[in-house]
Structure formats: structure tokens, C-alpha cells
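Biologist: Please take a close look at one part of this model. What is on show there, and what surrounds it?

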Amino acid sequence: MTELLLSPLRRLGHTTINAIWRLGFITRFLLAILRYSGQSLLRFNLTIREIYFAGVMSVIIVVVSGLFVGMVLGLQGYNTLSRFGSADALGALVALSLLRELGPVLAALLFSSRAGSAMTAEIGLMKATEQLDAMSVMAVNPIARVVAPRFWAGVISMPILAAMFNVMGIFGGYLIGVVMIGLDSGTFWSQMQNNVDLHYDVVNGLIKSLCFGIAVTLIAVFEGYDATPTAAGVSAATTRTVVTSALVILAVDFVLTAFMF
Amino acid sequence: MFLSGKSVSSDHFIEFRNVSFAYGERPILNNISLAIPRGKLVAIMGGSGSGKTTMLRLISGQIRPSAGQVLVDGRNVADMNHAELFEHRRRMGMLFQFGALFTDLSVEDNVAFPIREHTRLADSMIHDLVIMKLSAVGLRGTQALMPAELSGGMARRVALARAIALDPQLMLYDEPFTGLDPISLGVIAHLIKKLNDALGTTSIMVTHDVHKSLDIVDYVYFVSNGAVVAAGTPAEIRASPSPWVHQFMWGEADGPVHFAYPASTSLQQDLGLKGGQHD
């Protein structure tokens with residue numbers, strides 16, 4: 001009976017300790033990345049290569065998704081606004097939704113599934129096939145050579161991808177509102193111009209996506225580096241990257257929104 | 001005989017002095033002492049899980065012993081700080097079991113990797129060095145290939161070219177013959193011997209391929225359960241009366257090493273038959 005009561009308690013304790021331990025480990029990992037970032041910033045071609053794989057290769061999915069999200073916003077926004085006779089405000093609604101929330105959050109979610117999971121799998125497989133060991137034995141620090149360039153590539157790519165998402169989303173809203181429904185083009189854009197503040201909306205949105213970039217990329221490289229070096233281990237790490245990133249993005253978004261707006 | 005506990009002379013490039021190591025609760029090495037002379041090619045043999053690869057990891061400083069000392073050129077690896085350890089590794093080359101080539105880099109970039117990381121040579125000179133190293137392993141002309149386009153034996157030779165890129169003083173080979181066809185195996189064995197003689201490198205080869213190794217090495221240590229059970233020159237090993245060496249050399253199921261895992265239940269019990277006795 002006592003065992004029956006204690007067992008869940010023990011499991012809870014174990015899970016909690018484990019979570020705190022991992023949090024400490026990931027923090028130390030971030031510090032190690034920052035400490036060994038010199039090479040990836042001085043030999044910037046290493047980082048540029050990773051920006052290509054993580055950022056440039058994600059452009060298509062981000063741009064297409066942005067367009068669809070913008071078009072959906074246009075349709076739904078017009079439906080709702082026209083009920084209150086304020087369909088003219090569609091431009092402002094589309095732009096504000098995208099700049100403040102949808103752009104940074106959805107671009108980060110897409111980035112974690114497209115590039116984050118690939119980073120985890122790649123680093124995990126490098127570990128499983130002793131490539132990281134080989135590097136370390138060649139007196140080359142894998143954190144400096146493999147992890148840091150990927151980390152900076154993610155941090156740099158994320159705000160740019162979010163900005164692309166926003167631009168395409170606004171274009172999608174324009175296609176629906178102006179081209180399809182027939183709202184006045186001048187009103188659409190002037191409403192947007194009048195209601196969007198560069199600092200309050202655009203810069204805050206970019207700060208958000210920068211934070212998401214740090215979080216998502218850190219999770220991706222950490223999970224890869226920490227993966228059990230087997231096929232099952234790498235697969236589990238890749239899943240953890242996508243799941244943890246999604247939760248962290250939404251949680252961080254809530255905290256940032258509470259502070260910013 | 002090379003094995004002489006604490007009284008090894010300074011001409012030994014590598015020394016294990018009463019080294020013990022455990023992964024958690026599981027002991028791997030148990031108070032092991034051995035010495036490897038400068039410029040020689042020495043094999044460490046033993047079954048899977050006998051602690052051979054652990055010894056290489058101790059020499060390269062990837063792990064530290066729980067007791068005892070691992071000396072490389074008179075210096076205790078465990079006492080080295082980060083910079084000294086990397087300096088030590090820069091003078092060392094290691095061939096991993098399956099090559100461990102960087103899958104995202106071409107053959108040329110793989111071999112050039114240590115040179116680019118540790119020197120400031122011009123690209124044209126690095127290119128020439130890579131060609132020379134690839135030529136030494138008989139793979140000139142493969143520069144543009146990716147590791148996925150190489151056979152197992154070729155990948156191992158490219159990895160060997162990469163390991164010798166900076167002309168190391170010490171070469172570590174982790175199971176260099178595993179999974180190779182007889183021709184590739186012969187080529188790799190010949191290369192290991194040739195490189196050891198040509199570069200004057202001290203080489204340690206961890207392997208369980210007895211017959212091929214005895215053809216090329218200067219000395220052999222047999223390791224079992226984390227301790228040295230036999231040692232000698234190839235001729236001495238071939239003539240050894242040790243039942244352990246005999247079993248290992250001829251791959252016999254019965255002998256000092258048991259083939260069957262020590263199960264706690266009898267076969268009859270596992271099969272659900274009545275009256276089963278523990279066997």
C-alpha cells in the first residue's frame with residue numbers, strides 16, 4: 001500500500017529532478033556555444049554554409065505558408081469586420097496579426113520542423129557514426145566547429161524568415177481583400193500604414209522571432225548533441241526537438257506578449 | 001619483454017601504470033600495466049567488450065582513468081589541461097572502426113580537414129598535401145567523391161589518409177580490419193605496416209583479427225576482462241602454451257572464455273519444462 005502511494009511520488013520527483021538537471025545542462029551548453037563562437041564568427045563561411053541549409057532551404061515552406069495564412073486572414077477578417085461595417089480595417093488587421101503574433105510564431109514552428117529537426121538528426125548521426133569523436137581526437141572542438149555555426153545560422157535566419165512570412169502574409173491578405181473581394185486598394189494600405197507602428201509592432205515582432213530563433217536552434221543542437229548514439233536514440237531526439245520547440249515557442253510567446261503589448 | 005610494471009624505461013612512448021577504469025558500476029580495466037616502445041607497431045587483442053577500445057580512449061584523453069596513470073611521452077594524460085590535451089591530440093592520428101569520415105565533406109575536404117584546422121597553409125599547398133596523402137593510400141583520383149560513394153575499404157583508406165595528414169608521432173587504430181573483404185583487409189594491413197615504418201610513428205592497433213595482425217606487428221598484448229593475460233612477439237604468441245591464447249587464435253568455443261552467457265535459469269526452466277535443473 002505504501003509502495004502504491006510512494007511510487008507515483010517517486011516518479012514525479014525523478015521527473016522533476018531530471019527536468020531541472022536537463023535545464024542546467026542546456027544552460028551550460030549555451031554558455032559553451034557562446035564561449036566557442038569565435039571561430040564560427042571569424043570563419044564566417046562556416047556559418048554561411050549552415051545559413052544556406054537551415055535558412056535558405058526553409059524559404060519555400062515559409063513563403064508558401066505565409067501566403068496561405070495571409071489569404072485565410074483576409075477571408076476570415078473580411079467576414080468578421082464586414083459584420084461590424086469596418087471592412088476597411090482589413091489591411092490593419094492582417095498586418096497587425098501577422099507582425100505581432102502569427103509571423104514570428106508560425107515561422108518559428110515551421111523552422112523547427114524543417115530545419116531544427118534536420119539539425120538534430122544531423123548532429124545525432126554525426127555522434128552515432130563517431131564523427132564528433134573523430135573531430136575531437138583531431139584536436140578540433142565539435143562545439144566550435146559543428147554546433148556553434150549551426151546555432152548562429154538559426155539565430156540569424158529566424159528573424160529574416162519571419163519577415164518573409166509577414167511580407168507574403170500581407171500580400172496574401174491583399175490578394176483576397178483587394179483583388180478578390182474588391183476593397184479599395186488605397187484604403188487597404190493606408191489603414192495598414194496608419195495603424196502599424198514601426199517600433200511597437202514591427203520591431204517587437206522581430207525581437208520575438210529572434211528569441212524564438214535562439215530557443216529553437218538551441219533545442220535542436222542540444223538534442224542532437226545529447227542524443228543516444230543509436231538509430232532509436234536519434235529518432236527520439238528528433239521528435240523531442242519538434243515537440244519541445246513547439247511548446248517552448250508558445251510559452252515564450254505568451255511571456256513576451258505579456259511584456260510587450 | 002616490454003611488459004615490466006613500474007620500471008619501464010623512458011624509451012617507451014606509451015605506458016599504462018596500474019590503470020583501472022569503470023563505466024559507472026561496470027569495471028572495464030582492472031589494474032592494467034603495459035608499455036609500448038617508440039616507433040613500434042603494437043597490437044592489443046582481446047574479445048569484444050574486453051576494454052581494448054577503452055585503452056585507446058584513455059590514450060587520446062577522451063576519458064580519464066579512475067586509478068593509475070596513462071603516460072604519453074612521459075606525460076600523464078589525465079594531468080593535461082584543455083590546451084595541452086589538444087596539443088597532444090594534434091600530434092596523434094586515430095583511425096576509427098568505420099572510418100568516421102565527415103559525411104557532408106568530399107574526400108579532399110575530409111583529408112584536408114585537420115590541415116585546414118591547424119595550419120595557415122595556402123589552399124594550393126593543402127591541395128598538394130591532400131594529393132600526396134591520398135596517393136600514399138592508393139586513392140589519388142577520388143578527391144571529388146563523397147564518402148557515401150566509397151566502398152567500406154576505400155572509406156577506411158581515406159580515413160587513414162586523414163589520420164596521417166599532419167604526420168603524427170602516434171597512430172591509434174581502432175579495429176581497422178572490421179567488416180572488410182580479404183583484399184581490402186590485406187591492403188589496409190600493408191598500409192599500416194608501411195606507414196609505421198616510413199613515418200617512424202608509434203602505432204597501437206586494437207583488433208581481434210589475430211592472424212592478419214601477427215603478420216605485421218612487432219608485439220602483442222592479449223587483454224581479457226580488463227587485464228593483460230598474455231604478451232609477446234608474434235613468434236612467442238604463436239608458440240604460446242597459454243590456453244587463453246590458443247582459444248583466441250583458433251576461435252574455439254570451449255576454453256578459458258565461455259561461449260554461453262551465464263544465465264540464471266536452466267534451459268528447461270526457460271522452455272517451461274518440468275524438473276529442469278540448472279545447467
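Modeller: Contact, as used here, means heavy atoms within 4.5 Å. This is a predicted model: local features need pLDDT of at least 70, side-chain atom pairs count only at pLDDT 80 or more, totals for chains, interfaces and linings use all residues, and side-chain values use heavy atoms, leaving out hydrogens and water. Residues are numbered from 1 along each chain as its sequence is written, while chains are lettered from A and ligands numbered from 1 in the order in which they are written.

Look at helix H2 of chain B, residues 82-90. Helices (H or I, at least four residues) and strands (E, at least two) are DSSP runs, numbered from the N terminus. Leu85(B), Phe86(B), His88(B) and Arg89(B) of this helix are buried (under 20% relative accessible area; exposed is over 50%, partly exposed in between; 1.4 Å probe, protein chains only). They sit on the same side of H2(B), because their arc around the axis is only 155° (taken from the directions from the helix axis to the C-beta atoms). An α-helix has 3.6 residues a turn, so residues three or four places apart point the same way.

What covers them? The cover includes helix H6 (131-137) of chain A. From chain B it includes helix H1 (52-59), strand E4 (67-72) and strand E6 (92-95). At the N-terminal end, Asn81(B) caps H2(B). A side-chain oxygen of Asn81(B) lies 3.2 Å from the backbone nitrogen of Ala83(B).

Now follow two of those covering strands into their sheets. E4 belongs to an open, antiparallel sheet of four strands in chain B, ordered E2-E1-E4-E5. Strands pair if DSSP finds at least two bridges between them. Strand E2 (26-37) and strand E5 (75-76) of chain B are the edges, each pairing on one side only. Eight bridges join strand E1 (residues 12-23) of chain B to E2(B). Ile14(B) stands opposite Ile36(B) there. H1(B) packs on this sheet, touching E1, E2 and E4 of chain B.

Axes are lines fitted to C-alpha atoms, for helices over the stretch in contact, and angles run from 0 to 180 degrees between N-to-C directions.

Technical notes. A polar contact is a pair of N or O atoms within 3.5 Å; within protein, one must be able to donate a hydrogen and the other to accept it, and residues adjacent in sequence count only if both atoms are side-chain atoms.
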